[in-house]
Amino acid sequence: MTRPLNILLVRVSSLGDVLHNMPMVADIARHFPDANIDWVVEEGFVSLVRMNARVRNVIPFALRRWRKSLGKAETRAEIKSFFRTLRQQEYDYVFDTQGLLKTGIIMGAARMVKGGRKVGLANGSEGSGYEGISRIFHNLSIPTDPRTHAVARGRIVAGAALGYAVDAPADFGLPAVSDDTPRPEWMPESYAVYFHGTARDAKKWATENWIALGHELAPMPILLPWGSPKEKAEAEQIAAGLPNARVLPKLSMADAIMVARRASLVIGVDTGLVHIAAAFVRPTVEIYADSPRWKTEGNWSPRIINLGDQGTPPSVAEVLTAARSLLG
């Protein structure tokens with residue numbers, strides 16, 4: 001009797017990229033039901049990965065926080081503890097699907113069984129931050145087309161290394177929405193959520209567009225989450241123009257995910273929480289203004305409508321038509 005495979009996934013950030021890596025887990029589990037799958041991820045995204053019941057251990061990585069205090073003894077102790085935890089298990093396969101020096105170093109530090117494979121990307125996709133030096137940590141590098149969708153990339157790499165075809169729809173392994181979960185006092189029974197915020201201004205949709213759309217959706221309540229003081233100010237500006245909009249309190253990652261997974265309608269720009277809503281197959285309108293749609297568009301369900309493209313954001317009328325069609 002052969003023992004189960006031990007497999008480690010290294011995909012540490014960002015939110016959308018971590019999410020888009022999750023269908024790898026279902027693919028591996030479908031072909032190797034007994035496999036033990038662990039995952040190294042930035043500590044801020046641990047709650048998302050833990051939602052996937054097929055991931056055995058989530059190993060938090062805190063480089064974003066550590067780099068601010070590398071001179072402190074407690075930070076160095078945390079880093080040592082991370083590598084100690086990483087090296088507790090010997091792995092048959094380690095997959096680095098991010099292709100950065102930092103993820104390569106994590107891969108390099110992982111312990112392997114005799115004959116184990118360290119598998120990574122032979123090349124990046126168009127416009128990615130891929131770092132070719134990461135290849136020195138692989139003993140198997142898988143090439144992909146430079147225009148491979150973000151969800152497909154990791155699935156292709158794992159399939160090539162483990163010897164199976166990627167021929168099933170993307171399964172993110174996320175739990176179904178439960179009506180038994182208590183709602184915070186600010187969450188209505190039915191609502192739309194605007195994920196309007198993003199770090200890059202060029203990816204945003206104009207404030208007047210959000211307001212015009214909200215008037216057309218009234219009286220449906222519109223929730224406005226935010227992640228930074230600048231995004232909060234933008235949310236307040238949108239809410240000031242609408243009678244049916246509410247700026248939410250500062251949310252944890254878990255609460256932000258809950259807002260996405262329970263929404264009756266999600267409308268947002270190309271950002272992680274919009275992609276999470278699409279992964280939960282909520283009725284979602286994804287707005288593309290300054291990023292190529294082919295990279296991340298939700299293409300696994302008719303309940304996801306993708307509008308616009310790099311340099312050509314959609315009009316209010318287009319988004320409204322899509323929203324109404326999803327509301328049925």
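1. The chain splits into two domains: domain 1 covers residues 6-162, and domain 2 covers 192-327. Keep in mind that this is a predicted model. The centres of domain 1 and domain 2, taken over C-alpha atoms, lie 29 Å apart.

2. How many residues of domain 1 are in contact with domain 2? There are 19 of them, and they meet 16 residues of domain 2.

3. The size of an interface is often given as the accessible area lost when the parts come together. Here, domain 1 and domain 2 bury about 1300 Å² between them. Carbon and sulfur atoms carry 73% of that area. On the domain 1 side, Leu15, Leu19 and His149 lose the most area to domain 2. Together these residues make up 38% of what domain 1 buries.

4. What about salt bridges across the interface of domain 1 and domain 2? The rule finds 0 there.

5. Now look at a pair of helices. Two packed helices are described by the angle between their axes and the distance between the axes. Helix α8 spans residues 207-217, and helix α13 spans residues 316-327. Their axes come within 10 Å and cross at roughly 35°. The crossing of α8 and α13 is right-handed.

6. Which residues make the contact between α8 and α13? From α8 come Asn209, Ala212, Leu213, Glu216 and Leu217. From α13 come Val316, Val319, Leu320, Ala323, Arg324 and Leu327. By type, the contact of α8 with α13 has 8 nonpolar residues, 1 polar and 2 charged.

Conventions
Residues are numbered from 1 along each chain as its sequence is written. This is a predicted model: local features need pLDDT of at least 70, side-chain atom pairs count only at pLDDT 80 or more; totals for chains, interfaces and linings use all residues. Side-chain values use heavy atoms; hydrogens and water are left out. Axes are lines fitted to C-alpha atoms, for helices over the stretch in contact, and angles run from 0 to 180 degrees between N-to-C directions. Helices (H or I, at least four residues) and strands (E, at least two) are DSSP runs, numbered from the N terminus. A crossing is left-handed if the near helix is turned anticlockwise from the far one by less than a right angle, and right-handed if clockwise. Contact means heavy atoms within 4.5 Å. Ala, Val, Leu, Ile, Met, Phe, Trp, Tyr, Cys and Pro count as nonpolar, Asp, Glu, Lys and Arg as charged, and the others, Gly among them, as polar. Domain bounds come from an automatic or database domain assignment. Buried area is the accessible area (1.4 Å probe) that two parts lose on being put together, summed over both. A salt bridge is a side-chain nitrogen of Lys or Arg within 4 Å of a carboxyl oxygen of Asp or Glu.
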